[in-house]
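Hi,

Here's the structure I promised to pass along.

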Amino acid sequence: MEQRSGAGPLLDRLGRPLTDLRISVTDRCNFRCRYCMPRELFGADHAFLPRSELLSFEEIARLARVFRRGGVRKLRLTGGEPLLRGGLPDLVAMLAEVGGIEDLAMTSNGVLLPKFADRLARNGLHRVTVSLDALDEGTFRALADTPLPLSAVLDGIAAARQAGLGVKVNTVVQRGGNDHQLEDLAAWAREERVALRFIEYMDVGTTNGWVRDKVVPADEVRARIDALWPLEEVPPRVAGEVATRFRYRDGGGEIGIIASVTKPFCRTCTRARISAIGELFTCLFAATGRNLRALVRGGRTDEELSAVLARHWGGRADRASELRGEGGLRGPRVEMSYIGG
């Protein structure tokens, strides 16, 4: 189902369009979350990417325009922690000028949002997704492996809302880690009127010690919340939405559950990802990516880049979560901190 550049929306071999692009701007982070960057492997001696290897803001904006021509309508900045990249609000302003982008978002751990939220909003960012895995101080610090207090994240969420940004909160649920926090997080989100997304613990990369016994299935998450505040499922707003959404019957807002392990949604996945050094990944669980930086710095025209994108996406047949066995995925996989979530 390969398509030429300019022949309409790009479709892969399973008929999936390309509508969402996630762009990592750094592999650095100020947290060491166990499911992403365990400190024993990402310690003080870890060799992070040198600045010269990263895509420049101009290169990122150019690639965003090329992907827009291929059908992308949503852009999300990721990391690592994207706000560790100097001048990030300037990149937001550049991306806000790319015509036809309906949703310009960022994923963050939240602690730097009090410093940057106002400028991000002024420069055109629409919303942020903040990671928050617990409301108990001890559980939060253990999971994030940080000396920073929980209040640092909560203050970031408040700053984003005060700046007028839309806010979602993501919680990665792990059996024996933070599953005792489900009800507390749901109660907090109801009170704060914040959209909350529970995410099944996934085997992204090979360093996070994933075992299936640590996965809290989506059905269990729903049942536990429903027992306190009855839920009803609501249809997706757009095709390819990864979270199954539920609203509270009493009008107290909604939650979403992302069930990549127990209910894979590969057949509707519309996402591509670009690493901080310009590699194109067509699956979160891929081992390698297509080097776009070499093409950009090698003098290729936008038309040539569009043709490469069309060929690469047209050959895509990824469905890793559907093929996951009981023991999880096998073989090498890119780490979450490198590619973004």
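To start with a helix: which residues of α5 are buried? They are Leu150, Ala152, Val153, Gly156, Ile157, Ala159 and Ala160. Keep in mind that this is a predicted model.

As for what sits over those buried residues of α5, the cover includes the helices α3 (113-122), α4 (137-144) and α6 (182-192), along with the strands β4 (127-131) and β5 (166-173). I also checked the length of α5, which runs over residues 150-162. Its 13 residues should span 18 Å at 1.5 Å a residue, and the end C-alpha atoms are 19 Å apart, so the two agree. After α5 comes Gly164, with a positive phi near 90 degrees.

At least two lining residues come from each of α7 (218-228), β7 (231-234) and β8 (244-248). By class, this pocket's lining has 10 nonpolar residues, six charged and one polar.

The largest cavity holds about 50 Å³ of space. Its lining is made up of Thr19, Asp20, Arg73, Lys74, Val238, Ala239, Gly240, Glu241, Thr270 and Arg271. Five of the lining residues of the largest cavity are charged, three are polar and two are nonpolar.

Cheers

Note on methods
Residues numbered from 1 in each chain as written. Predicted model: local features only at pLDDT ≥ 70, side-chain atom pairs only at ≥ 80, totals over all residues. Heavy atoms only, no water. Helix = DSSP H or I, 4+ residues; strand = E, 2+ residues; numbered from the N terminus. Expected span 1.5 Å × (residues − 1). Buried < 20%, exposed > 50% of the residue type's maximum accessible area, 1.4 Å probe, protein only. Contact = heavy atoms within 4.5 Å. Nonpolar A, V, L, I, M, F, W, Y, C, P; charged D, E, K, R; others polar. 1 Å grid on protein atoms, 1.4 Å probe; cavity = no way out; pocket = protein on both sides within 12 Å on 5 of 7 lines; lining within 4 Å. Points joined across faces, edges and corners; volume = space filled by probe spheres on them.
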